Amino acid sequence: MSMIHIDPLEKRWLWAIGGMLAIFWGVQIYYAAAENMHPPSNVEVIDSAKLHLSGEFAEDNLGVKKEADGSYTVTMVAARYGFYPQEIEVPAKTPVKLRIASFDVLHGVHVPFSNMNTMVVPGYVSEVHTEFQTPGSFPMICNEYCGLGHDYMYSKLHVTAGKS
Ligand SMILES: [Cu+2]
């Protein structure tokens, strides 16, 4: 019978790591539960090679639509190297649903300082629900490296004053 010996210094680090894990996990749970910040999940498949031919993601159907309940639906396509349409305008403090699909490879959509941040995986429709609080113009950038033009891949999001 041999006792397991753990060096005191090692023990201290085990506690430190355990503490860090608890803090990180706590922060994540707090933001998910209290601030409604979490990765969007939407399992909806689509044929990326036929996106442009008909239906929701055909060129004529892209853009911003106002729904009967006052909310907005934004339909976009991500492709090397841009988001289409390239400018989007929605009012502040109004529910916005973004539906976006990739035409080619993996992309990401990110609007800094908002919870609009999702991967756009070819073959799937990504859906994000959000509400922009502050009027202004914001970049909508690709945050998944998608090729040589990745750095130039962005659209502009304009948030108008909307209802107060
Ligand atoms: Cu991209």
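**Domains, dimensions and core of a predicted model**

Visitor: How many Å separate the centres of domain 1 and domain 2?
Guide: This model is predicted. Domain 1 covers 1-38 and domain 2 covers 48-160. Taken over C-alpha atoms, their centres are separated by 37 Å.

Visitor: What is the radius of gyration of the protein?
Guide: The C-alpha trace spans about 75 × 40 × 30 Å along its principal axes. For 164 residues, a compact globule would come out near 15 Å. The protein has 21 Å.

Visitor: Which element gives the most to the largest nonpolar core?
Guide: That core holds 27 residues; M76, V77, A78, L98 and I100 touch the most other members. Two or more residues come from each of β2 (72-79), β4 (87-91), β5 (95-102) and β10 (154-160). With 5 residues, the top contributor is β2.

Visitor: Which residues is I100 in contact with, leaving aside its neighbours within four places in sequence?
Guide: Contact here requires C-beta atoms within 7 Å. I100 is among the core residues that touch the most other members. Its contacts beyond those neighbours are M76, V77, A78, V109, V120 and S126.

Note on methods
Residues numbered from 1 in each chain as written. Predicted model: local features only at pLDDT ≥ 70, side-chain atom pairs only at ≥ 80, totals over all residues. Domains from an automatic or database assignment. Rg over C-alpha atoms; globule rule 2.2 N^0.38 Å. Core = buried A, V, L, I, M, F, W, Y, C linked by C-beta atoms within 7 Å. Buried ≥ 20, exposed ≤ 12 C-beta atoms within 10 Å, placed from the backbone. Helix = DSSP H or I, 4+ residues; strand = E, 2+ residues; numbered from the N terminus. Contact = placed C-beta atoms within 7 Å.
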